[in-house]
Amino acid sequence: MGWAKYARGKPSLPVITGIFCALAFFVLLYTERITTYSSGSLFGIKTCPRRNDVKLKKHHTGSRELKSSPLDNPTDDRFEFDPEECSLNNGKWVFNTSIKPFYTERTCPYIDRQYSCTKNGRNDSDYLHWEWQPDDCILPRFDPKIALRKIQGKRIMFIGDSIQRNMWESFVCLVQSVIPQGQKSMKQGRVYSVFKAKEYNATIEFYWAPFLVESNTDIHIITDPKRRIIKVDSIAGRATQWLGVDILVFNTYVWWMSGLKAKALWGEFANGEEGYEEFDTAVSYKLALRTWANWIDSTIDTNKTKVFFTTMSPTHQRNEDWGNMNGIKCFNETRPVMKKGHWGVGSNKDLMKAVVDVIGRMKVPVTVLNITQLSEYRIDGHASVYGELGGKLLSAKQKADPSHFADCIHWCLPGVPDTWNRMLFAYL
């Protein structure tokens, strides 16, 4: 009788446990909401759970110690990429000798001599073994067969300048090795080039449009930037070639960076190209982007076409930016910059802001491939003196003068553009 009275007066163990669990659940829920609200990025992208910490194995290369992370596996299902949750632009480059390029200059016959660094005499190979690791999620490894299945029965077109051609050739080289010889073809032209994967009924195309809008230097290139005039309000003549394409990948940057004010023209090239106005580069760039955005919004059917925009590819012309006071531009650089958040003068923040502002106001959804920060670190990845000039390989005398002839704009293939396409592959 006394025991029964005591039991009625005190809560039982199951009741106490239940109350405790309920309180714990509400605390956890509240904490989760705070975590969710505090995450984000430049383009409003939330982050993924951070990957497990792993011990790093050191690789000795001469007097340097390069680190690799063999336990990081980008195909691990536990960290599956989610385009709605993962931000790829913040991370670090990790040296990993187990990473091998999907192609070489010998296995891919479509690489321009301008990007064929090994064939043109580059002897170091460390730049081929750096892998981009985002801070918050894992970037899926490029799989050429899956990539081809994703574009099966479709057209994908890269549109822009020579950097975009760099990216297009990388994409072609990444997938072509798994296509039988008789099931692929390439046709290259001055403005338009197309690679056909017949077995997959797919085309991978490139369209030359360095400003996206029209100019007097689109087809017959004017080397003197002082004579270039940009029709900032005109795009339809070129854009008719982009209609009916399933996946459009745009860029425009390096041709804007002449260091001069841009000569902008409205309307036709009448009266011998007279009547232009000069604007600061950022103003003209934004005007051109608005013309491009208006065409996308008024023309693209989102049920049929997906649109991407690749941010600016950095140039590395000033070695003082990364602290190599005795260097010559990107010449003889053999490893990335390791300083977190490194940003040099070769990336224009005003132009980056213009991209964010214009795309942020568009009706048609545009996926931004933010390659700028990850590429900023890669001072070692450029063609340097192992490219060509005016269609000819550099002479020994020119190679000995990197201050005038080192190409610190374009990238070796294989190389950094393969990582850009790895990002594109993740979003397709």
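## Basis

Residues are numbered from 1 along each chain as its sequence is written, and side-chain values use heavy atoms, without hydrogens and water. In this predicted model local features need pLDDT of at least 70 and side-chain atom pairs count only at pLDDT 80 or more, while totals for chains, interfaces and linings use all residues.

Helices (H or I, at least four residues) and strands (E, at least two) are DSSP runs numbered from the N terminus.

## The sheet

Seven strands form an open sheet with mixed pairing, in the order β6-β7-β8-β5-β11-β14-β15. Two strands pair if DSSP finds at least two bridges between them. β6 (184-187) and β15 (366-369) are the edge strands, each with a single partner, so one side of each has no neighbour in the sheet.

β14 (residues 306-310) pairs with β15 in the parallel sense over four bridges. Val-307 lies opposite Val-366 in β15.

## The two helices

α4 (residues 162-176) packs against α11 (residues 416-427) at about 75 degrees, with the axes 9 Å apart. Axes are lines fitted to C-alpha atoms, for helices over the stretch in contact, and angles run from 0 to 180 degrees between N-to-C directions. The two helices are therefore roughly perpendicular (65 to 115 degrees).

Contact means heavy atoms within 4.5 Å. On α4 the contact residues are Ile-163, Asn-166, Met-167, Ser-170, Phe-171 and Leu-174; on α11 they are Pro-417, Asp-418, Trp-420, Asn-421 and Leu-424.

Note on methods
Parallel < 35°, antiparallel > 145°, perpendicular 65-115°, else oblique.
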